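Welcome! Please have the 3D view open as you read.

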Amino acid sequence: MKTSYDLTLNIRRYDPYQNRTWVQTYQLEAGRIMRFVDLFRKINDEQDATLAWGSSCEHGQCGSCSVRINGKPMLACELLVENAVNEFGSTTFFIEPLPVASVVRDLVIDTDQAYARIDQVKPYIISPRQPAADGEAHQISPEELDRYVDATRCINCFCCSAACIASHDTFLGPNAMLAAIVRVMDPREDEKQQRLETIYSENGVYRCHSSQACSFVCPKEIDVAHFMALAKQGAITSS
Amino acid sequence: MTAALHIAATLRCDVLIIGAGGAALRCAAEVLEQMPGASVYALTKVSHPQKSHTSTAQGGLAAVDPRDPLDSTLFHMFDTWKGSDCTADQNVVKLICESAWEQILWLENRGMHFSRDREGRLSKRTFGGHTRNFGEASVYRAVFEADRTGKGIMDTSWGETLKNGIRFFNQCIAVELLIKDRRCGGCIAFKQKDGQFVKILAKATVIATGGSGQVFRVTTNCRQNTGDGLALALQAGLPIMDPEAVQFHPTGIVGPGILASETLRSVGGILRNRDLEPFMVNYAPKMKELAPRDLVARAIESEIREGRGIVNPDHNIPHVWIDLRHLSDDVHEKQIPEVSSFFKRYVNLDTKKDLCPVRPSNHYHMGGIPTNAFGEVQDGDQQIIGGLYAVGECAAASFHGFNRLGTNSILELITMGKLVAERLIPYIKEEYGKHQDIAGDRFAARFSTYMEATGSESVGLIRNAMRTMMTEKVSVFRTEKTMNEAIEDLAESYERAHRAPLACRDLAMNQELLNRWELDNLLMVAMAISQAALHRKESRGAHFRDDYPERKDEFNYHTLASMVSFPTVEIGRREIDMSLFAAGGEHHEKFDYIERKY
Ligand SMILES: Cc1cc2nc3c(=O)[nH]c(=O)nc-3n(C[C@H](O)[C@H](O)[C@H](O)COP(=O)(O)OP(=O)(O)OC[C@H]3O[C@@H](n4cnc5c(N)ncnc54)[C@H](O)[C@@H]3O)c2cc1C
Ligand code: SF4
Ligand code: SF4
Ligand code: FES
């Protein structure tokens, strides 16, 4: 088994002061279970302190580190060198920011812009149903929760949006749809009408043409397209 | 270039929250619920509030349902007090434990997706150190959302604040607290995306900046946890309480240091050494794997020190095993799916078939900015700073004393977050709470030294070396010698950092500039930790001195560490609140300085 690899990273860069975009090549040697965020840090420490990239938790929980690697949207903190070499059959990688918002610098995008679509679908309970008695929790059976719990696992990494060819302009995007679908299926939400209007609006789920790219790239392995399909069939109402 | 180091704009709000993690958002949500229309600003270092560290909390949230016939808040208080190694403040313990269930309902009613039992009620699980009948047996006390409990809290409280009109400033970093004559007027913040400094004036300011784990190389904490809030307080002349109280999680995944949740042990995972011997029975005969973290961390470290560890060939890091192979598929798939996937993703192992490598990893800072039981910040003379509050991991009220029980941190966020809101609302309504424009006179000098530095040092390398040094010298086991070495090393690193030039002097999204600023924060916090640890010649909770292995009554107090000027740290003390003991009554003797044995 190989213990280290000689890698070539071609990284798309952007300098906001010069308004200049270019591709920069970095050569580096890395151990087999280094993550791509470790590679970026290694570049910062050893070659180029100016390369800007995003991350926070660095273990696949927050969705801050999404980039496109050889065209595929992925979490840079989850991709191990060894797996990347196997998956892409190459030691050369082309790394770009996600195309879901404007670029601030290098691999860092304006996340606020991307999130504006999530805010639009109101990712909270608009009109809470009162629990059976004051000071009590609602009772939700595990079966009922199971119907939508997968959709609640979304971390808004926007990989699906980046992969969804339909999402760029008018479509709110698969992850925004999930956020809306969750509250349609959640028995604690009373305001279903407004939600359904959003889901079936001009920018809603009918923009989706079932390519399933979202499910394919989702790092949380959520079957996003399944929820899109449910919504299109009108099968998302709660009890 | 330095011409840009001026204040580009002055903004005004009612409540400024520095941070947008669980503590910050719970506080903000309460302010907005009680005062609709109030202007609440929240700053984050990350790209969006949801990316805050709270989102990674896995295991659960301790809270006693008052109707639970098998449990009681008194038991929870006792466990917290005992777990803290008798250094928590009992008034705070009482407040938090008693208001816990109400906060669970707040979250549930607002849409948090708690895991459910067959009847559709909130499921509960056991957790290390949580017991019934004063240590008799472990108890089902932690509610949870699969292994995404922190994410549930974040999604819910972020949603509520969004619904009620908060204003977020993402990637906007507080760089100086505005404090004068024991009053806080807000902060200076650096908007990273457009490279501007702004002054934010607020009637009340809440520090909720989270942990400081990046001080150590092997840590479960996120990249942004550089102890900024603590450093801002130190720079403003305020003390940090119990900085030496740093928790090391027993089971970090070897390599990146990622947390393998305590849940692995609570669902029945067994720790084994090189000879596959289940060694916990030798350290905590009764609780075994479920003993509190510090005991388990020291047990693992001892196995490793005595040659019963295994060395991982890829990382050259010694570790022990956690064995999950005997657990049912249902446990693997329903109760620990996310954590099992970490082993798969980061070390390519299958928890159903393989032994998994773990070792202690820095995890939580019990110490923090000293506050009273309502989150009001105190100075070294224990006088309140008007209009300044601290809550969450950056604060020390102190609920955890010298050792935090698992599931008690995110409980603290939601209970204290609400309490702080209730405390500051009357304050901002009062005459006294009007805006006060205080000059910010330190940030420009600090940033211009960074921008103008020349020499041959490197910010990244100094930072790496410091973190490795802290993991080697000031972690699970400490001695006078290692601490003195650490202090010397930190002083030298601080000097060297002044000779580290920046590769680029732009302000916008210049990560090296931010790293440079964070390096100063890390060095200050590391210095406070090391000096306080040197001073405390005893062992207590997570602070373990090889040269003084016993707890001593003469140290029954909280440390207050102030930084006169780097590297000089002044040590003061604060009494431990013993009000539960002092109240007399049934079981009060449980709240005396008891022995911490499991
Ligand atoms: C992997 C992991 C698992 C855990 N699991 C559990 C668990 O199961 N149960 C439990 O009780 N506890 C758990 N903990 C501990 C718990 O998650 C943390 O203590 C808690 O989330 C801290 O919350 P907080 O709101 O104080 O800070 P954070 O969530 O860290 O938020 C801090 C906020 O402040 C911002 N900030 C920081 N500095 C600045 C600055 N200078 N300017 C502006 N903004 C700033 C950050 O961007 C962030 O928004 C876990 C911790 C880890 C690391
Ligand atoms: S299935 Fe629909 S939402 Fe998913 S990527 Fe394809 S078009 Fe987009
Ligand atoms: S659905 Fe998956 S890919 Fe899309 S944002 Fe959520 S976690 Fe990311
Ligand atoms: S940094 Fe959090 S998901 Fe990658």
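## A three-stranded sheet in chain B

Chain B holds an open sheet of three strands, in the order 3-7-4, with antiparallel pairing. At its edges are strand 3 (61-62) and strand 4 (124-125) of chain B, each of which pairs on one side only. Before going further, please keep in mind that this is a predicted model.

How many bridges link strand 4 of chain B and strand 7 of chain B? There are two, and strand 7 covers residues 142-143, with the pair running in the antiparallel sense. To find this pairing on screen, look for B:Arg125, whose bridge partner in strand 7 of chain B is B:Ala142.

## A second open sheet in chain B

Another open sheet of three strands in chain B has the order 12-22-23, and its pairing is antiparallel. Here the edge strands are strand 12 (240-241) and strand 23 (568-574) of chain B, and each pairs on one side only.

Strand 22 of chain B spans residues 558-565 and runs antiparallel to strand 12 of chain B, with two bridges joining them. A handy landmark is B:Met241, which has B:Leu560 in strand 22 of chain B as its bridge partner.

## Strand pairs in chain A

Now let us turn to chain A. Strand 1 (residues 4-15) and strand 5 (residues 92-96) of chain A run parallel and are joined by four bridges. Within strand 5 of chain A, A:Ile95 is the residue that stands opposite A:Ile11.

Strand 5 of chain A also pairs with strand 3 (residues 66-69) of chain A, in the antiparallel sense and over two bridges. For this pairing, look for A:Arg68 and its bridge partner in strand 5 of chain A, A:Glu96.

## Ligand 1 and its surroundings

Where does ligand 1 sit? You will find ligand 1 in the largest cavity. Around ligand 1 there are 40 residues, and the closest are B:Ser52, B:His53, B:Thr54, B:Glu393 and B:Ile410. By class, this shell has 15 nonpolar, 21 polar and four charged residues. Several elements of chain B each supply at least two residues of the shell: helix 1 (22-34), strand 9 (172-180), strand 17 (356-365) and helix 10 (408-429). Helix 10 of chain B gives the most, with four residues.

Some polar atoms of the protein can be picked out beside the oxygen atoms of ligand 1. A polar side-chain atom of B:Thr54 lies 2.5 Å from an oxygen atom of ligand 1. Backbone atoms take part too: a polar one of B:Ala23 is 3.0 Å from an oxygen atom of ligand 1, and a polar one of B:Ala208 is 3.3 Å from an oxygen atom of ligand 1. Ligand 1 taken alone exposes 1,000 Å², of which the protein buries 98%.

Which residues lie around ligand 2? They come from chain A: A:Cys164, A:Phe171, A:Pro174, A:Cys208, A:His209, A:Ser210, A:Ser211, A:Gln212, A:Ala213, A:Cys214, A:Ala225 and A:Met228.

Helix 8 (213-217) and helix 9 (224-232) of chain A each supply at least two residues of this shell. By class, the shell around ligand 2 divides into eight nonpolar residues, four polar and no charged.

Technical notes. Residues numbered from 1 in each chain as written. Chains lettered and ligands numbered in written order. Predicted model: local features only at pLDDT ≥ 70, side-chain atom pairs only at ≥ 80, totals over all residues. Heavy atoms only, no water. Near = heavy atom within 4 Å. Polar contact = N/O pair within 3.5 Å; in protein donor to acceptor, adjacent residues only side chain to side chain. Areas by Shrake-Rupley, 256 points an atom, 1.4 Å probe, with all protein chains shown as cover. 1 Å grid on protein atoms, 1.4 Å probe; cavity = no way out; pocket = protein on both sides within 12 Å on 5 of 7 lines; lining within 4 Å. Sits in = over half its atoms within 2 Å of the grid points. Nonpolar A, V, L, I, M, F, W, Y, C, P; charged D, E, K, R; others polar. Pairing = 2+ DSSP bridges.
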